[in-house]
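Please keep the sequence and the 3D view at hand while reading.

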Amino acid sequence: MVDHMPHAVVGSDFAEKEVGELTDEIYERLGIRIETTELYEDGKRVLVLSVPSRPVGRLLRFEGVPLMRTGESLRAMSDVDIFRILSEQEPDFSAKICEGLTIEDLDKEAIAEMKTQYARKQENPLFQNYPDEQVLSDLDLLKDGK
């Protein structure tokens with residue numbers, strides 16, 4: 001593809017007939033599994049690499065260095081960014097079921113305010129009329145009555 005807009009197709013013979021080896025080499029070096037697709041337009045080949053997002057709490061390193069994208073460049077990751085990523089491994093207390101807690105223990109005014117804010121965000125005023133249990137369940141805040 002041409003670097004600048006309108007990104008005209010120029011084609012490529014990179015890794016032609018070696019796509020499997022390329023996928024394996026990327027896995028070997030980076031430890032991530034990518035998907036590859038070969039597209040053709042007007043007889044010109046485009047190799048598309050689909051790279052999954054970084055796993056939660058895991059740094060991806062290239063030659064031992066954790067890298068991050070800044071604009072069009074790759075740079076060594078800052079200590080702050082490394083700490084932020086490693087901190088993702090901490091369990092999310094808000095995702096845990098609170099045993100013994102029932103819907104009656106929740107603040108009705110807080111639920112009403114949440115419904116109002118969510119209705120505004122979704123531009124759906126009818127959302128405020130839904131039963132509290134349905135709203136909490138739909139938002140994955142209530143599971144099996146807990």
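Leaving aside residues up to four places away in sequence, R45 touches G11, S12, D13, F14, A15, E16, V19, E38, L39 and Y40. The coordinates come from a predicted model, and the protein has an average pLDDT of 89.

**Surroundings of R45**
- R45 belongs to strand β2, which covers residues 44-50.
- The relative accessibility of R45 is 4%, and the residue is classed as buried because this value falls under 20%.
- One of the residues that R45 touches is S12; the C-alpha atoms of R45 and S12 are 5.5 Å apart, although 33 residues separate the two along the chain.
- F14 is also among the residues touched by R45, and a polar atom of the R45 side chain lies 2.9 Å from the backbone oxygen of F14.

**The sheet β3-β4-β5**
- Three strands form an open sheet in the order β3-β4-β5, and their pairing is antiparallel.
- Both β3 (61-62) and β5 (73-76) are edge strands with a single partner strand each, so one side of each has no neighbour in the sheet.
- Strand β4 (residues 65-70) runs antiparallel to β5 and is joined to it by four bridges.
- Within this pairing, T70 is opposite S73 in β5.

**Confidence**
- A pLDDT of at least 70 is reached by 100% of the residues.
- Among the elements of the protein, the lowest mean pLDDT is that of β3 (84), while helix α3 (residues 108-122) has the highest (95).

Technical notes. Residues are numbered from 1 along each chain as its sequence is written. This is a predicted model: local features need pLDDT of at least 70, side-chain atom pairs count only at pLDDT 80 or more; totals for chains, interfaces and linings use all residues. Side-chain values use heavy atoms; hydrogens and water are left out. Two strands pair if DSSP finds at least two bridges between them. Helices (H or I, at least four residues) and strands (E, at least two) are DSSP runs, numbered from the N terminus. Buried means under 20% relative accessible area, exposed over 50%, partly exposed in between (1.4 Å probe, protein chains only). Contact means heavy atoms within 4.5 Å. A polar contact is a pair of N or O atoms within 3.5 Å; within protein, one must be able to donate a hydrogen and the other to accept it, and residues adjacent in sequence count only if both atoms are side-chain atoms. pLDDT is the predictor's confidence in each residue, from 0 to 100.
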